[in-house]
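Please examine the sequence and the model before reading the points below.

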Amino acid sequence: MSLKDFKKRKSLLNTIKNLSKLTKNSSFKRNNQERILCKACGKFIYLDDLKNNLFICPHCSSYLPLTGEDRFDFLLDKGYRLIDFGTKKLNPINFPDYRKKDGDKNSEAVKLARGKILGNPVTVASLIDQYMMGSLGTYVGEEITRMIEEAEKYKLPIIIISLSGGARMQEGMFSLMQMAKISSALASFKEKGGLYISLLTNPTMGGVSASFAAQGDYNIGEPGALIGFAGPRVIKETLHEKLPENFQRAENLEEFGFLDMILERKDQREVLGKILRMHRRKYGRL
C-alpha cells in the first residue's frame, strides 16, 4: 500500500470513528451551533431550527421528545411558573448505584408548572425522557399526586403529558404503588368535578399507560406516538404472529376509540385552550 493510499484509508477510518461517536452522543456542536440526531431518519438538525419547528424533524416529520420547559414554553402563556412540592428523592430498595450519578441530585423524570393556556388557568405535569426514560418512581408519583390534590383544593383543571417507558424497576413495588396512588388521587379529583386532560406522547408505555395516562376526561395523542403496555417486539415474540400495521400507534388507537383525538403540536395550544375555556364557567366535566 502506497503512502498516499495509507493516508486516505486512515482519514476514512477516522471519519467513521467520529461518526460513531456522534451517533452515540446524539448531538454535537459545529461553529457553536448544536445539532441533534433524529433517531428515526438518522439525519442531524440544528437545534435552533428544531426549536422553531416545535421539535419535529424537518426531514421525516418524526416527533422528538421535549424537556418540560420546552413543552411549557410553547404550550403555556408567558408568565407561567415552575412548581415542585419538595418530595425527597429516595432509593427505597437500596438498588446498587441508584441516584449516584452527578446530575441525579437535581434531576428527575417530571416537571410541573402552573399557568394559563390562552388565558385559562391550568396546572401541568410533563414527564420527560432525559431522566431514566420518564420512568415512574416514588418521586414522580408523589409530585403528581400532590399536584392533583392542590388542583382539587383550588379548583384548577390539570393536564398530564405522558412520556414514559413505564414503572421504574430500580424501585420495585414502590414504583408500582405509584400507579394506584395517582389513580386514587384522580378518582377523588374527578368526583369533585375536576377536569383532567391526558396528552400521550411517544412513547407512553407500561404502568403509565395502564394507569393515569388512560384516565383522562380527554385522552389525546400526538401523531405516531407508541402507546401500550408491553412493547410490540415483546408481543410479537410471545404470540409468534405478525402484528397489524401501525400496531400500538396513536392513529390505530384513535380508530378503536382508545384516544379521543390526535393533535399535532402546532394545534395543541389552541385546542387545549378551547377545551379549558369550554369547562371554565362550571368547574366540572361535560
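In which loop does arginine 99 lie? Arginine 99 is in the loop between strand S4 (81-83) and strand S5 (110-117); helices (H or I, at least four residues) and strands (E, at least two) are DSSP runs numbered from the N terminus. The model is predicted: local features need pLDDT of at least 70, side-chain atom pairs count only at pLDDT 80 or more, and totals for chains, interfaces and linings use all residues. Residues are numbered from 1 along each chain as its sequence is written, and side-chain values use heavy atoms, with hydrogens and water left out.

**Surroundings of arginine 99**

- Arginine 99 counts as buried because its relative accessibility is 15%; buried means under 20% relative accessible area, exposed over 50%, and partly exposed in between (1.4 Å probe, protein chains only).
- The side chain of arginine 99 reaches the backbone oxygen of leucine 90 at 2.7 Å.
- The side chains of arginine 99 and tyrosine 98 are joined by a polar contact of 3.3 Å. Such a contact is a pair of N or O atoms within 3.5 Å; within protein, one must be able to donate a hydrogen and the other to accept it, and residues adjacent in sequence count only if both atoms are side-chain atoms.

**Salt bridges**

- The structure holds 15 salt bridges, each defined as a side-chain nitrogen of Lys or Arg within 4 Å of a carboxyl oxygen of Asp or Glu.
- Arg99, Glu108, Arg168 and Glu171 are linked in a network of salt bridges.
- Glutamate 108 and arginine 168 meet through their side chains in a salt bridge (3.0 Å, N to O). Glutamate 108 lies in the loop between S4 and S5 and arginine 168 in the loop between strand S7 (158-164) and helix H5 (172-191), so the pair ties together parts that are 60 residues apart in sequence. Both residues, glutamate 108 and arginine 168, are buried.
- A salt bridge also joins glutamate 222 and arginine 265, with the closest N and O atoms 3.0 Å apart. This pair links distant parts of the chain, 43 residues apart: glutamate 222 is in the loop between strand S9 (218-221) and strand S10 (227-228), and arginine 265 is in helix H9 (residues 265-278). Glutamate 222 and arginine 265 are both buried.
- Within helix H9, lysine 274 and glutamate 270 lie four residues apart, about one turn of the helix, and their side chains meet in a salt bridge (3.2 Å, N to O). Lysine 274 is partly exposed at 46% relative accessibility, and glutamate 270 is partly exposed at 42%.

**Annotated region**

- UniProt places the feature "zinc finger region: C4-type" (unreviewed entry) at residues 38-60.
- The end C-alpha atoms of residues 38-60 lie 9 Å apart, and the span is 26% helix and 13% strand.

Terms used: UniProt positions are given in the numbering used here, feature names are shortened, and annotations may be inferred rather than shown by experiment.
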